[in-house]
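Please find below my comments on the model under review. They are set out as numbered points.

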Amino acid sequence: MSTPGYTNPNSSVNNYGMNATQNGGGAASCHNGPAQTYPAMYPATSYYSSAPPQGYSTIAGHGAPPTGKVSVSSTDDSADYYTNSHAHTGTLPGASPCPTPPGTHKYPTSNAPGPGASLHHPVQPFQQVTPYTMPTGFCGQPYNHPPQGQTLVQSQQMQHSVVPASSGSNLGAPLYPIISYPSAPGSSQYGTLRSSQTAAGQPPVPTLMQPPPTQSSSQQYPQGNGATPTPAHQGYGAAPLSQTATVNGQSNAVQQHYDQNPMSQYYASAPPISEAPDRERAPSGTPNTSVHSSPGHHPGGESSSTTTGSASPVPNSYESLEGGGYTDLSATPTGVPPKQAPPFGYNYPTMHPAYQQNPTSRTDSSPSHGGNPPGYQQYSQPFPSLSKLSSALGGLSSVPDLEVETLRPVNLLQERNILPTKCTPPPEPNLSNDLRKVNCSPDTFRCTLTNIPQTQALLNKARLPLGLLLHPFRDLTQLPVITSNTIVRCRSCRTYINPFVSFLDQRRWKCNLCYRVNDVPDEFMYNPVTRSYGEPHKRPEVQNSTVEFIASSDYMLRPPQPAVYLFVLDVSHNAMESGYLNVFCQSLLDNLEKLPGDTRTRIGFVTFDNTVHFYNMQEGLSQPQMLVVSDIDDIFIPTHDSLLVNLKESKELVKDLLNALPGMFTHTRETQSALGPALQAAYKLMSPTGGRVSVFQTQLPTLGTGVLQSREDPNLRSSTKNVPNLGPATDFYKKLALDCSGQQIGVDLFLLSSQYSDLATLAGVSKYSAGSIFYYPSFHHIHNPSQSQKFQKDLQRYLTRKIGFEAVMRIRCTKGLSIHTFHGNFFVRSTDLLSLANVNPDSGFTVQMSIEESLADTSLACFQAALLYTSCKGKRRIRVHTLCLPVVSQLSDVFAGADIQAISCLLANMAIDRSISSSLSDARDALVNAVVDCLMAYRANGSNNQPSGLIAPSALRLFPLYVLALLKQKALRTGTSTRLDERVFSMCEFKSQPLHQIMRIVHPDLYRIDNLTEQGVLHLNDSVIPQPPLLQLTAEKLTREGAFLMDCGNVMYLWVGKCCNEMFVRDVLGCPNYASIPSSMTEIPELQTMYSERTRTFISWLLESRTFHPAFHVVKDDTSAKTSFFQHLVEDRTESAFSYYEFLLHVQQQMSK
C-alpha cells in the first residue's frame, strides 16, 4: 500500500540491487481480535541454537507498473536463506600457516594439544569459565546449544600442526603461544541467492504518485527474508529498509520509577534518580528488581494485562510476545495517465529580473536547539469520554492565525529570502493544551502530516506522503520507569494504556486505537504518584506519552542474555599501514570500564588476514594464547569455553592483549583478507548467547567465502546517467546477517579504506542484523588527522553508548490506518514485527502509511510504538511511545499541517530504494515530480484569487529547496565525481539516521562567526551563547572579509576569507595572519581571548545536540579544500545541476505541461 496518489516503487518486494531483497517491505494483512495468531519465524526449540531448517517461501513480484509515471520494476526474490545442506562451491585451498616470530614457544607436532587436552605451555592452572547456559524447558521451551562438539570430535581424529605466529620478518618481542588447527569437515557454506529483474517498459518520467485504488482486497503473503511483501497499496511506494543515526548527547538521565508490590497492594513511588541512561537501579518500594506475574496470569501477547480471564498460549517466539493488531486491507493500484517531462538537469534558463533579493516577512522562531524530551508532567483527566477528548480539539478553521501563516500563499519566484534566520521547531499539532502537554516529543515520534486526512481520497488530493519517523531508543533526560504486576493493554489490539484513552468510568476504559472497552484492573486503581485510590486516570502510564515498563518473565523466551561483545579485526598489511589498530586498541583500553553491562559481561577478539586467529583469555592463564585456523574454507571454533571470557574475571588478560595487538602484526606482509570466514567464525562463536559483533575492515575481501571483485569504473564517477552496481554483488553477507538476526547477533561494520571496498555488498551484514555502518574514506592515522580524530571520538561514543539486546518493535495505529513499508536496519520477522538483534540510541526508522477506512467517526488519530528489549543489565524492558494527531476533512488543513522536513526525509528514503531497484535517474525524476504534483494540487484546489507565479503554501515553501538539496547529495547526484562507496554510504545514512541528523546533511546550517555579538544571545546554564542568523546556502552570502561556519552534521567547515579580520585570525585561530593559517587545521585552539571563548561556546552548543562529533576542517579561500565546502552551497549552480532559481523555473515549466 502506498501513500496518497503516489506510484508504489516497490509494488511487491523491494529487491536490493541484483540479487538480494532490500531491508524493507510491506505488511501483509492481519486479523483483529484475541484469536489473532502469527506464525513463528523460528521454532522455539531451535530459535537460539541454530538457523531454522525450513526454507523461506518464494515471493514473486506481482505489481505491474502503471501506465503513466513509472513505478520501480519489481523483482522476483526466490531462494531459501537457510538450506539444510550447503554445497561447497568455489572453495579455496587452505592457506599455509603463518610463521612464528623469534621467541615464540614452539611445540612438536606430537605434543600439539587436542580438544580437551591442556596446552603444553608453562601457564598456571585455571578454572574454566562456565559457558552461558539456561535451564531446560524455561517458559516451557527446550533450550539447546548449537552442536559445539562437532569440530572438536572430528579434530581428535586429526593431527594438529603447530605453526609460528606471525607472517613477516624482523619481529621484535616474543608473542603468545600459537596453535594452528587444520580444517574440520562439515562447516557450512553460504550459497548464492538468485533473483531476476524484468524490465517492464520504459515510461517517460517516473513519479511517486498514482491514483486512488479502485478496490480493497485482503492479501496473505508467505514469510520473506529480509522484507515482508508490500501489498500494492495506493500512493507512496514501498521501499526497502536500510540503515543508522545520531541523537542527543550522553547526558545523565532522570528515571522516575513507579513500583508496586503485587500482593499487599502497597505502592511507592521513587523520587527522580540521576543516573546514566543505560544504568538500571533497583526500584524503590520493592525488595528486589524482579517483577512477578500476577496470580493466575498466563503469558500471552507481548503483555501481562490481567483484564481478561482467558489463558494465553505459552509463547514460543518473539512474535507471540508481541500481540497483533486488527485486519489490514490491501488496495490494488490502478494506472495513471502518462506524464511527459524532459530529463532533469541540463537546460539552464536565464535569470529572471523579478528574482531580486528583497527582504520578505517571515516568522523568526525563538532560539531552539533540539527538542524537549518527554518527561513526567501532571495532567488531570477526570474520566473524559472519547467525545470529550474530540471536543477538546479545536478545528483549524477556528485558529485563524495558524491558518493564515501556514496557508499564506508564497510566490517562490519573487520571495527569495524564505529561509528562516533561526532553526524552526517542528510544527505543533492543533490539539488542546492538555493533550499537547502529554503528546510525544517530535524528536521521538514525528508524522509527515500533523493533520491526518479523513480519507485516502483527501490524501490523494494533497499529493503528499503519509508516514512516520521514529527515534525510539534515543537518549532521554527524563524517562518514567514503571514496575508493576499488571501492564494494562487492550484485550483486542494489544495497545498499551496511554494518555489518549478514554475512561468511561472508574472501572472501564476505551482503547484509542480500536475503540474496544476494557476493564480497569484493581491494581491499576491505585496511583503511586499521589498515593491515592480510585484515580486510574492519574497513573503515570496515563500521564506520559513515553514510558518504560520493567517486564516480567511473560515477556521472555529465555533468561535475559548477558552483554556479549566480539571484536573482529582486520590485521592485513593494508590495515596495519592505516594505523587504525593503534587507535582502536587505545580507545578500547580507555573505555573498557565503561562498556555497558554487568558482572556477566563477556568479551572476545578475532583477528584475520589470510588466516583467522582466535585468542584464549581464560582466567588463570599468565598471558593470552593465540589460536590460528588456517583452513578458511571450513572454518571452525578451536575451543568453545575460553574465547568469549567474563570481562571482570579476565580484565588483565584483555588489557595485555590490547596492549600487544598493534605490535604483533606491525611487519606483516599478508595482503589478503578472509573477511567471510572470519564472520562465519564470529557467528558460530556468538550463536549460543547472541550479542554484538564489531567488524573492522580496510579492503575488499579476497579469500574464502564472500570474496569480492572490484566493480567500480572510475570513468563513471561523473556520469550524468545511471550509476551501476548500487546493489550487492553476492547475497552471502545478507544471508549471514539473517542467520545472525535469528540468533540475536547484531553486526556493526567499520570500513576504513582508501580503495574501493564494495560497501554496497558488505553493508548487507549490518542492514539485516540491525547493525550500524561507519565509513572513513582515506583513513590514515597520520596523513588524515581529521578522520583519525573523528574515528577516535566515534569509538568513544560507540563503545559507551546504551545498548539493547534481543529486541523487537511493533508500531500500531488507529483503526482505519495501516502501515505498509518500513525503512531502517532490521529484519522484518513477521507482517509488522521488526527484529532488532541490537538496538542503539543513534538509529532512526521510517514507515509509510495509507488510509484504509474513513476516519470520519473520530477527531483524533493515534500511533504507538512498543520496543521490547533486554537492557545491558539483564532486565527485560518495554519502551512505549504514543503520538496523537487531529483528523481533518478539509484539504487546506492537510496543507497547513504538512511537516516539510519529515516529508523530505521520507521522500529521500523512497528515492534511495528506487535508485537501487530501478535506476538513479528514475529516482531523481520522481523527486522532482513530487514537488510538481504537490504544487499542482495546491493550485488546483486553492482559491481562485491566488496570484500568478509559482505559488506554494507557507508550510511547503521550503519543499523545492529541500528537494534540490537532495538531488545534490552524494547519494543521488549525477555529473559530479562521486566514489561508489561514498555514494552507497550516503544512502545508508539516509536510511538509518534520525530526522534531525538527516536534515543537517541535506541542508547544512551556515553562520557568519567573525562578528559574533551579544544581540539575541541564549542564556543557558550560566553560559552566554551567541545566536548568529542562519544564512542561505549560496556564495552570495559569503564575503572575503568574513569567516563562515557550515554545519553539515557529520562534518563542519570553517571557511576563512582572504581579507578576514586579523583580530579574528589571531584571537580565534591563534595565527598571526591569514597566510600563516595551516592548510590542514582540524581544530580551534583554546585561547584566553573573548573572541575565542565566544566562538568555542557557540560551536560547543551546536555539538551538544549530537552524539557523534563531526570532523572539523578550517578551509582557506585559496586552497583546493574549498571545493568540498562550496559543493554544499546547494542554491548555486554547478556544471551539472540547477541553481535554486533555475530549479524553480523548471518546476514551473513542468506544471504548465
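1. Helix α23 (residues 1090-1104) lies across β38, β41, β42 (1051-1056) and β43, running at about 10° to β41. Contact here means heavy atoms within 4.5 Å; axes are lines fitted to C-alpha atoms, for helices over the stretch in contact, with angles from 0 to 180 degrees between N-to-C directions. Helices (H or I, at least four residues) and strands (E, at least two) are DSSP runs numbered from the N terminus.

2. The model is predicted, and local features need pLDDT of at least 70, side-chain atom pairs pLDDT 80 or more, while totals for chains, interfaces and linings use all residues. Residues are numbered from 1 along each chain as its sequence is written, and side-chain values use heavy atoms, leaving out hydrogens and water.

3. The four strands form an open sheet of mixed pairing, ordered β38-β41-β42-β43. β38 (1005-1008) and β43 (1111-1116) are at the edges with a single partner strand each, so one side of each has no neighbour in the sheet. Strands pair if DSSP finds at least two bridges between them; β38 and β41 (residues 1043-1047) pair in the antiparallel sense over 4 bridges, and L1006 stands opposite M1046 in β41.

4. Helix α18 (residues 920-941) has 22 residues and reaches 32 Å from first to last C-alpha, close to the 32 Å expected at 1.5 Å a residue, where the expected span is 1.5 Å times one less than the number of residues. Of its 22 residues, 17 are buried, so α18 is largely enclosed by the rest of the structure; buried means under 20% relative accessible area, exposed over 50%, partly exposed in between (1.4 Å probe, protein chains only).
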